[in-house]
Structure formats: C-alpha cells, structure tokens
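Dear colleague,

Please find below the structure that I am handing over to you, together with its sequence. My notes on what was found in it follow.

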Amino acid sequence: MKGGDDLKRAWGALALSVFIAIMVPVAWCMLMFSRSDIALTAMGLYSLKFFTVLSNLLLGAGSLVYAVCLARFLRTGARVPHWAFLLKYAGTVATTVTLMTVLLFLGPTMGYPLMFIGANLWLHLIIPVAGIVEFVFFDVQYSLSFKETLVGVVPTLLYGIAYCANILINGVGTFPNTNDWYGFTMWGVQFMAIVLLVMLLATWLFAVLIRLGNTKANHLG
C-alpha cells in the first residue's frame with residue numbers, strides 16, 4: 001500500500017466486501033424460497049442451474065475470503081494473497097456478465113420489471129454493481145497483468161461448456177421444462193457454439209475493462 005489514501009481504500013474495500021459476503025447468501029435464500037413462477041428463478045437448490053446464482057456465489061465467496069485477508073492486513077500489515085485478489089476478480093467479472101446480460105438481452109426480451117423483482121434486484125443489479133465499484137475503486141494492493149484477464153473468463157467458460165453439454169445430452173426441451181433458459185439455441189442448436197463464443201469474447205471484454213479501471217485507480221492512488 002502506498003499511504004494514507006490507500007489505507008482508507010482498504011477500509012472501503014473491507015466494508016464493501018463484508019456487505020457483498022453477507023448479502024449474497026441472503027439474496028440466494030430469498031430466491032430459493034420465493035415464487036418459482038418469477039422469470040429465471042427456481043426454488044431450492046434448483047436455483048444453482050442459473051449463472052446468475054453461481055456468479056453471485058463466486059463473488060460472495062471471493063469477497064468473504066478477501067475480507068478476512070483485508071482484516072488481517074489492517075491488523076498486522078500482512079499482504080493480501082494474490083490468489084485471493086484473482087478469486088474476487090473472477091467473481092467480479094462473472095457478476096458483470098450477469099448484469100450486462102440482464103441489461104442488454106434479458107431485460108429487453110423478458111421485461112426489466114421481471115429482472116428486478118425481489119432477490120433478482122440484488123443478484124442482477126445491486127451486488128454486481130457493488131462488486132465492480134469495490135474492485136475498480138478500492139482494490140489497489142495489486143495490479144492485474146493483461147494475461148490475468150483470462151482468469152475472468154474461466155467461470156463463463158466452465159458454465160458455458162456444462163450448459164451446452166446438457167442441451168446436447170438431454171435436448172432443448174419445452175417451456176417450462178426447457179434446458180435452454182438463456183436462449184443459446186434461439187437460432188438453432190447448430191449455432192449454439194457461436195453464441196457461446198460470443199459470450200466468451202464479451203466476458204473477456206468486461207474482464208479487460210475492469211482491469212483497466214482498477215489499473216487507473218492504482219495510478220491515481
């Protein structure tokens with residue numbers, strides 16, 4: 001850390017990380033016990049099929065680990081491990097994918113009000129935005145290398161492979177029991193790989209932009 005300003009940022013990062021670490025499981029519980037007829041929701045552990053839930057859980061876990069490491073840093077001066085920084089970065093990029101998918105695709109096609117009801121308001125908007133703000137403006141202990149932006153793509157890649165494999169194995173299905181709740185096969189199963197590739201490229205773009213924001217904050221500090 002460089003000085004007093006960065007110490008203040010560490011306290012800000014701690015506050016936001018604790019907020020995210022608490023609100024992710026709270027919002028997930030709200031989702032698990034909410035009405036299952038709300039768009040893109042499922043009761044119980046079935047909610048884990050959605051990237052929204054998995055990305056938020058990843059960010060929540062990363063924020064919890066980071067908060068513990070930050071608390072230790074503020075108490076003893078021990079530097080936060082780089083892997084903890086990368087874990088939260090991956091979660092931040094993943095929830096950015098969730099946010100942008102809602103804003104640019106699901107909102108226009110399904111209606112924005114449905115995207116921001118109950119737990120969806122937290123998982124689709126508040127928590128992802130909090131994650132971006134925390135990572136970009138408050139995390140200044142490390143600088144990400146350009147190569148490390150690929151870390152941000154890993155969650156989307158793993159989910160995309162599992163998502164497409166499920167469709168290929170079990171079929172698309174029909175509403176309300178479809179296996180394609182995100183519309184990857186909107187133009188046909190034969191174009192599913194192209195849709196996934198576009199998602200991965202978009203994810204990498206978000207990863208690069210978040211790295212750029214964090215780097216600028218580092219230089220300003």
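In this predicted model, the largest nonpolar core comprises 33 residues, and I127, Y163, Y182 and F184 have the most contacts inside it. Six helices, namely α1 (4–32), α2 (51–76), α3 (82–110), α5 (119–138), α6 (154–170) and α7, each contribute at least two residues to this core. Helix α1 provides the largest share of the core, with 7 residues.

Apart from neighbours within four places in sequence, F184 is in contact with Y163, C164, M192, V195, L196 and M199. Of these partners, Y163 is also listed among the residues with the most contacts inside the largest core.

The next point concerns T98, a residue of helix α3. T98 counts as buried because its relative accessibility is 3%, where the cut-off for buried is under 20%. The side chain of T98 forms a polar contact of 2.9 Å with the side chain of S55. When neighbours within four places in sequence are set aside, the residues in contact with T98 are F51, T52, S55, L123 and H124.

With kind regards

Notes:
Residues are numbered from 1 along each chain as its sequence is written. This is a predicted model: local features need pLDDT of at least 70, side-chain atom pairs count only at pLDDT 80 or more; totals for chains, interfaces and linings use all residues. Side-chain values use heavy atoms; hydrogens and water are left out. A nonpolar core is a set of buried Ala, Val, Leu, Ile, Met, Phe, Trp, Tyr and Cys residues joined through side-chain atoms within 4.5 Å. Buried means under 20% relative accessible area, exposed over 50%, partly exposed in between (1.4 Å probe, protein chains only). Helices (H or I, at least four residues) and strands (E, at least two) are DSSP runs, numbered from the N terminus. Contact means heavy atoms within 4.5 Å. A polar contact is a pair of N or O atoms within 3.5 Å; within protein, one must be able to donate a hydrogen and the other to accept it, and residues adjacent in sequence count only if both atoms are side-chain atoms.
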